[in-house]
Amino acid sequence: MRSLIILATVLLPLCTALAEPKALNLYIWSEYIDPQVVTRFEKEFDAKVTVDVYEDAESMLAKIQSGGVSLYDVVVPPDHLVPAMIKLKLLAPLIHERLTNFKNLDPAFLSPPYDPGNTYTVPYQWGTVGIFARTNASHPLSFSWGFIFDPKLRPESFVLIDSVRDLLGAALKYRGHSLNSTDPAQLKEARQLILEAKPKSLSFEGSVAGKNRVLARAARAAMVYSGEGARGMKEDKETVYFIPEEGSQIWVDNLAITAKAPHRELAERFINFILDAKVGAQISNFNQFSTPNQAALPYIRPEDLKNPAIYPPEAVRKKLEFLSDLGAKTRLYDEIWTQVKSR
Amino acid sequence: MNADPQTNDRSLTGALTRNGHWWRSALTSGPGLAWLTAFLLIPLLAIVTISFLTRGEYGEIERPFTFDNYQRLLGFGLLGFDPLYPTILVRSLILGLTTAGLCLFAALPLAFFIARLPGGWKTAALILVVVPFWTNLLIRTYAWQILFSSESWLCRTAQALGWLSPGTALYPGFLAVLVGMVCDFLPFMVLPLYASVEKIDWTLAEAAVDLGANPWQVFRHALLPQIIPGLSAGWVLVFLPATGQFVIPDLLGGAKTTMLGNLIQQQFGPSRDWPFGAAISFVALLLVVGGLWLRARNAPEKDGGLM
């Protein structure tokens, strides 16, 4: 009798597990995908999607590296981390025959230097890093990184972005250096700028939390990604997102499948679903980032297409720079980051 | 007891034959030992080993074996000397000590108060001490964030009374961190203290009063020695986790004041430097265990002398 009970307790969960619908584990930036898109995918493919979120790219890599590689199916790494993830064997090559919607993508975003031939990734969204600020205050706006780093220009309260390459990149740009500098002298200069700004700042926050601080009037300005900026502007007319005149960062986030994805086949179906023109437009209309999906453009809200915060004009785009993978030199950034965060 | 000493004796010998003894001790302490080996000893050895390895280009754990991580902890980094890490260590110890001190300060009168309550009220009071634990730590900490923000009634009252300059908030800040820490750790101090205070032999206090001791002398010589066990248990229970705490300093300090816990978390998280993280963890462990060992070595004679 007892063995029967044991058998039942062991088998019952097993049976329910087998009877459950197909599953997909998605690991993505917070507020980055329209929940309705996820629900539609679940209905169409009779699947259960579990969404886990992160606020900075390095934490995502750390989690994937320490076991997440066999836990998640689809991840959304930014361009500069893709080479590292490929070298660490964390990504699986895509099976392109299954990606029938691949043709929808804008050729300008295909076969990027960080993943030639799109072997491992397809572009998901692109955007910029800038400043989201309240306009109606007595302190005048200045459209420069000096709004964060210059003691004379910056407002009484501001939020620094809690992400190593984004924050150091902004400080480097302010001083006219490349975002990808590995020159110790330039990096020390950038570190100094951040260390001076830190005690005056409200806090370090991810992009979404930074936007919320400005909307809640806890901070006058925050460093955010373009989508958060555009969404914030929509929510509160007295705010603005701008790309500082010194130039800034342009980035592409990518859909990729982990090397040990537990639900491999569904993962590609999910990516193909995202690449659909209407789904792609729905996502960008939701998160207010820019789409690399050419076929989706007709379904994007016209006012968004005209919004310079989302689709910057050519003159501004010329001043934007991609982050690149720094290989062994990444350690310099990590060490500076530890020092900046710890002081 | 003495109804049939012989039978008793024989069964006892039977139980203690070598085989039976082995079997029994394996059964009773085996699972515990296996647990400790699998989940404490082996991971600890892994941490020590990793702390002597090198971080690969992309955050892998690689050979060669090196002392670099410990050198870096002493302040010799890639960009020259920087006394940052020793500073963090000291800062965390100070936070741990302050938290434990404040908890003690708050818990001592509380424990005496609860112990002197009539029967039924005691249980109610103890439940009240534990009730906050039914809410998740994160939720309690976020609640403090709201209470300490500049628009909250708490800060507005403080602003109206002139304790705070208008428009400013207590969050994020060191005071907010301390309040969060004390709220979180107070029960760990109250409960062991209460257990000791409950057992106090008050006749000793009466005798001390009769012999002309003033209130402080009564407390110092008649009561304090009796509650030392609870006090030190509470101190350890609060001081150790408070030193390594990183969630509360992060959430209430605005991620601006790094503690030992943040530093370690950052190495295993965004920085992906497991060897350095392991080195920090190991040094922190050594410091704390060393402190406890010193205390344990000095404690018996002191306690014995006082009792």
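A cavity is a set of grid points where a 1.4 Å probe fits but cannot get out. In this predicted model, six cavities of 30 Å³ or more were counted.

The largest cavity holds about 190 Å³ of space. Its lining comprises 19 residues. Those nearest the centre of this cavity are A:W29, A:D166, A:Y225, A:W251 and A:D253. Four elements of chain A give two or more residues to the lining: α3 (57-65), α6 (164-174), α8 (207-215) and β10 (248-258). The most comes from β10(A), which gives three residues. By class, eight lining residues are nonpolar, five are polar and six are charged. Domain 1 (2-125 + 252-311) and domain 2 (127-250 + 316-342) of chain A both contribute to this lining, so the largest cavity lies between them.

The second largest cavity has a volume of about 130 Å³. It is lined by 17 residues. Closest to its centre are A:E58, A:L81, A:R165, A:T330 and B:R272. In chain A, α3, α6 and α14 (330-342) each supply at least two lining residues. The largest share, three residues, belongs to α14(A). The lining of the second largest cavity has seven nonpolar, three polar and seven charged residues. Domain 1 and domain 2 of chain A each provide at least three residues of this lining.

Technical notes. Residues are numbered from 1 along each chain as its sequence is written. Chains are lettered from A and ligands numbered from 1 in the order in which they are written. This is a predicted model: local features need pLDDT of at least 70, side-chain atom pairs count only at pLDDT 80 or more; totals for chains, interfaces and linings use all residues. Side-chain values use heavy atoms; hydrogens and water are left out. On a 1 Å grid over the protein atoms alone, a cavity is a set of points where a 1.4 Å probe fits but cannot get out, and a pocket is an open set with protein on both sides within 12 Å along at least five of seven lines; lining residues have an atom within 4 Å of a point. Grid points are joined across faces, edges and corners, and a volume is the space filled by probe spheres set on the points. Ala, Val, Leu, Ile, Met, Phe, Trp, Tyr, Cys and Pro count as nonpolar, Asp, Glu, Lys and Arg as charged, and the others, Gly among them, as polar. Domain bounds come from an automatic or database domain assignment.
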